[in-house]
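Have the viewer open while you read.

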Amino acid sequence: MLDTVKTGQSPGQGVYVCTNCHQQVAIGDYDLLPKCPRCTNNEFVKD
Ligand SMILES: [Zn+2]
């Protein structure tokens, strides 16, 4: 079971994958997760 993380959370450094369009978003340790740049979805899973 995959944990989902949402836009505005700070889940830690890594690559996150949009649950809607599978766009990958890389963030740093203290970055907040943005909306998906492709589809503006706000739910991701860690790659
Ligand atoms: Zn997306």
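Is Thr 40 buried or exposed? Thr 40 is exposed, because 12 other C-beta atoms lie within 10 Å and a residue with 12 or fewer counts as exposed. Keep in mind that this is a predicted model.

## The overall picture

Let's start with the whole chain. The secondary structure comes to zero helices and four strands, so if you read from the N terminus, the elements simply go β-β-β-β. Along its principal axes, the C-alpha trace spans about 25 × 25 × 15 Å.

Buried residues make up 9% of the 47 residues in the chain. As for contacts with a separation of 6 or more, 43% of them come from residues 24 or more positions apart.

## The sheet

The four strands form an open sheet in the order β1-β4-β2-β3, and the pairing is antiparallel. At the edges sit β1 (4-6) and β3 (24-27), each of which pairs on one side only. If you ignore direction, neighbouring strands of this sheet are turned by 40° against each other on average. As background, strands of a sheet pair through backbone hydrogen bonds, either parallel or antiparallel.

## Who pairs with whom

Strand β2 covers residues 14-18 and pairs with β3 in the antiparallel sense over four bridges.

Now to the backbone torsions. The hairpin of β2 and β3 has five residues between the strands, and His 22 takes a positive phi near 70° there. His 22 isn't a glycine, but the positive phi is there anyway. Where does His 22 sit? His 22 is found in the loop between β2 and β3. His 22 counts as exposed because it has 12 C-beta neighbours inside 10 Å.

That brings us back to Thr 40, which lies in the loop between β3 and β4. Thr 40 is not a glycine either, yet its phi is positive, at about 65°.

Conventions
Residues are numbered from 1 along each chain as its sequence is written. This is a predicted model: local features need pLDDT of at least 70, side-chain atom pairs count only at pLDDT 80 or more; totals for chains, interfaces and linings use all residues. Two strands pair if DSSP finds at least two bridges between them. Helices (H or I, at least four residues) and strands (E, at least two) are DSSP runs, numbered from the N terminus. Axes are lines fitted to C-alpha atoms, for helices over the stretch in contact, and angles run from 0 to 180 degrees between N-to-C directions. A residue is buried if 20 or more other C-beta atoms lie within 10 Å of its own, exposed if 12 or fewer, and partly exposed in between; C-beta atoms are placed from the backbone. Two residues are in contact if their C-beta atoms, placed from the backbone, lie within 7 Å.
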